[in-house]
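Every answer sets a value against a rule.

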Amino acid sequence: MQGTLLFLGTGGSAGIPIITCQCPVCKSSSPLNKRYRPSALLTVGKKKYLLDVGPDFRDQALHYNILNLDGVLLTHTHYDHIGGIDELRIFYFKHKKRLKTLASIETYEELRHRFHYLFMTKQADGSLQSQLDFEILEEDFGKIRFGGLDVQYVSYEQANMKVTGYRFGDLAYISDIREYKDRVIDEIRGVDTLILSALRYDPSEVHFSIDEAIAFSNRVGPNRTFLTHIAHDLEHDETNQKLPEHIRLAHDGLELTFQL
Ligand SMILES: [Zn+2]
Ligand SMILES: [Zn+2]
């Protein structure tokens, strides 16, 4: 079966343009240099799944005409990945149904603390429940059937925070990776398409640099790699000219197909 992945956002945590920044990339008129906070939409058959719900989700949902969702998969609780979680209430109100949400136990506990009111909605039977129907990943690696979708998941770390990466058939989405065990490579080896975060050329304590992302991609060995979570240091066309042929910067609105 074929699925599609649409990049809803490919920017770093501040998005591009960055508020107040006057640099050439932030001031660029090219749509390829406009980057919402990182997120993606998977479509498989008639079903749609959201990968992360950052602070730009409202704009993204309106821009890409997202009318319904069959599930949300979260990577971790940094604001650029969950800042739009409030907007998911609309789907609850519109469809009168709790939205299936996949997250690690660590992500779930943190959300409960930071967005406690989302977990206090009175249900028909009088009980208080979350507006999101959580499916919780207690292990670091595994496979799960989530809302009709076969999902394989892996765990790694960014600044001491556990982050979840996902594999769907021959595509893997690995964002916000800094420290990882070799098992991550073993679990995603054989994918045709790798989506990987890389901030800029200069080293970062919380992200791969471009060179580290290339090295990681070489270890996995996919046919094509798309870099996301991109800072304003990287002009789209200029960077793509320097990258190896099979590694490209993704851009907002780019759609890929993959096999499940
Ligand atoms: Zn991030
Ligand atoms: Zn800038």
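This is a predicted model: local features need pLDDT of at least 70, side-chain atom pairs count only at pLDDT 80 or more; totals for chains, interfaces and linings use all residues.

Q: What makes the arrangement around the zinc ion (ligand 2) tetrahedral?
A: Look at the angles between the donor atoms. The rule asks that all angles for four donors lie between 85 and 135 degrees. Here the four donor atoms subtend 106 to 114 degrees, so the arrangement is tetrahedral. In general, the ideal angle for four tetrahedral donors is 109.5 degrees.

Q: Which atoms coordinate the zinc ion (ligand 2)?
A: The donors are C21 (SG), C23 (SG), C26 (SG) and H232 (ND1), at 2.0 to 2.3 Å. The cut-off for a donor here is 2.8 Å from the metal. Along the sequence the donor residues are spaced C-x1-C-x2-C-x205-H.

Q: Why can C21 and H232 be said to tie together separate parts?
A: C21 lies in the loop between strand 1 (2-9) and strand 2 (39-44). H232 lies in the loop between strand 14 and helix 7 (236-242). These parts are 211 residues apart in sequence, so the pair ties them together.

Q: Is C21 buried or exposed?
A: Buried means under 20% relative accessible area. C21 has 19%, so C21 counts as buried.

Q: Why is the arrangement around the zinc ion (ligand 1) called irregular?
A: The four donor atoms subtend angles of 91 to 169 degrees. A tetrahedral site would need all angles between 85 and 135 degrees.

Q: Which residues coordinate the zinc ion (ligand 1)?
A: D80 (OD), H81 (NE2), D176 (OD) and H229 (NE2) do, at 2.1 to 2.2 Å. Their spacing along the chain is D-H-x94-D-x52-H. D80 and H81 are both buried.

Q: What makes strand 9 and strand 15 edge strands?
A: Seven strands form an open sheet in the order 9-10-11-12-13-14-15, with mixed pairing. Strand 9 (142-146) and strand 15 (247-249) each have a single partner strand, so one side of each is left without a neighbour in the sheet. On average, neighbouring strands here are turned by 25 degrees against each other, direction ignored.

Q: How do you know that strand 9 and strand 10 pair?
A: Pairing takes at least two bridges. Five bridges join strand 9 to strand 10 (residues 149-158), and the two run antiparallel. Within this pairing, K143 stands opposite Q152 in strand 10.

Q: What makes strand 8 and strand 16 edge strands?
A: Seven strands also form an open sheet in the order 8-5-4-3-2-1-16, again with mixed pairing. Strand 8 (132-137) and strand 16 (255-259) each have a single partner strand, so one side of each lacks a neighbour in the sheet.

Q: How do you know that strand 3 and strand 4 pair?
A: Apply the rule of at least two bridges. Strand 3 (residues 47-51) and strand 4 (residues 71-73) share three bridges, in the parallel sense. L51 stands opposite L73 in strand 4.

Q: What makes the aromatic pair of Y92 and F93 edge-to-face?
A: Planes over 60 degrees apart count as edge-to-face. The planes of Y92 and F93 are 65 degrees apart, with 5.6 Å centre to centre. Y92 is buried because its relative accessible area is 13%. F93, at 45%, is partly exposed.

Q: What makes the aromatic pair of F119 and F134 stacked?
A: Planes under 30 degrees apart count as stacked. For F119 and F134 the angle is 10 degrees, and the centres are 5.7 Å apart. The pair links distant parts of the chain: F119 is in the loop between helix 4 and strand 6 (121-122), and F134 is in strand 8. F119 counts as buried at 12%, and F134 is buried at 15%. Y108, F119 and F134 form one aromatic cluster.

Q: Why does A124 count as exposed?
A: Exposed means over 50% relative accessible area. A124 has 90%, so A124 counts as exposed. A124 lies in the loop between strand 6 and strand 7 (128-129).

Key. Residues are numbered from 1 along each chain as its sequence is written. Chains are lettered from A and ligands numbered from 1 in the order in which they are written. Side-chain values use heavy atoms; hydrogens and water are left out. Helices (H or I, at least four residues) and strands (E, at least two) are DSSP runs, numbered from the N terminus. Axes are lines fitted to C-alpha atoms, for helices over the stretch in contact, and angles run from 0 to 180 degrees between N-to-C directions. Donors are N, O and S atoms within 2.8 Å of the metal (3.2 Å for Na, K and Ca); water is not among the atoms, so sites may look incomplete. Four donors count as tetrahedral if all angles lie between 85 and 135 degrees; four count as square planar and six as octahedral if opposite donors are over 155 degrees apart and all others between 65 and 115; anything else is irregular. Buried means under 20% relative accessible area, exposed over 50%, partly exposed in between (1.4 Å probe, protein chains only). Rings of Phe, Tyr and Trp (its six-membered ring) pair if their centres lie within 6.5 Å; planes under 30 degrees apart count as stacked, over 60 as edge-to-face and the rest as tilted.
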